[in-house]
Amino acid sequence: MEELNIVMRDINEKDRERLFHQIVKVEQEEDDLRSIKKRHEQSLENFVGEFRSISRNAENRLSATPQNRRFIEETRELELKVEKYVDNQLNVFNQEMEKQFKNLDKKREKLIQERNGLPWE
């Protein structure tokens, strides 16, 4: 008996390849977004840490006079305001990032479905 070798030809190879590259591009965008998010969060954490460090150094250098105690109290209040501001900014930023990640995920899923829906013959 003679064996039949049936080789399926991909009539949509170019479209499939184009979609594959678009999917890879979306995944790269997600990686870039994660990197931006991490750098932004680190930057804000560094800002708060530096502010706190400068405040503590100033406090340690001041003598205990009534005027200096008032300055220290105001600095601590300002420190709390800065921390609240940074927390709010992080929350807003994280919400926006989640939207972007969802959009990219939907875009990737749509491309995958389109690629998987292409007929082979």
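Rings of Phe, Tyr and Trp count as a pair if their centres lie within 6.5 Å. With that in hand, here are the close-ups, all taken from a predicted model.

**View 1. The aromatic pair of Phe47 and Phe51.** By that cut-off, the structure holds one aromatic pair. The ring centres of Phe47 and Phe51 are 6.4 Å apart and the ring planes stand at 40°, so this pair is classed as tilted; planes under 30 degrees apart would count as stacked, and over 60 as edge-to-face. Both residues belong to helix α1 (residues 13–61), where a spacing of four residues puts about one helical turn between them. Is Phe47 buried or partly exposed? With a relative accessibility of 43%, Phe47 counts as partly exposed.

**View 2. Helix α1 alongside helix α2.** Here the two helix axes come within 10 Å and cross at roughly 175°. That angle makes α1 roughly antiparallel to α2, since the label applies over 145 degrees. Sorted by class, the residues in the contact of α1 with α2 are 23 nonpolar, seven polar and 19 charged.

**View 3. Arg108 and its surroundings.** Arg108 sits in helix α2, which spans residues 66–116. Its relative accessible area is 14%, so Arg108 is buried, the cut-off being under 20%. Which residues does Arg108 touch, leaving aside its neighbours within four places in sequence? The contacts are with Ile23, Val26, Glu27 and Glu30. For Val24, the C-alpha atom is 8.7 Å from that of Arg108, while the two residues are 84 apart in sequence.

Technical notes. Residues are numbered from 1 along each chain as its sequence is written. This is a predicted model: local features need pLDDT of at least 70, side-chain atom pairs count only at pLDDT 80 or more; totals for chains, interfaces and linings use all residues. Side-chain values use heavy atoms; hydrogens and water are left out. Buried means under 20% relative accessible area, exposed over 50%, partly exposed in between (1.4 Å probe, protein chains only). Contact means heavy atoms within 4.5 Å. Rings of Phe, Tyr and Trp (its six-membered ring) pair if their centres lie within 6.5 Å; planes under 30 degrees apart count as stacked, over 60 as edge-to-face and the rest as tilted. Axes are lines fitted to C-alpha atoms, for helices over the stretch in contact, and angles run from 0 to 180 degrees between N-to-C directions. Angles under 35 degrees count as roughly parallel, over 145 as roughly antiparallel, 65 to 115 as roughly perpendicular and the rest as oblique. Ala, Val, Leu, Ile, Met, Phe, Trp, Tyr, Cys and Pro count as nonpolar, Asp, Glu, Lys and Arg as charged, and the others, Gly among them, as polar.
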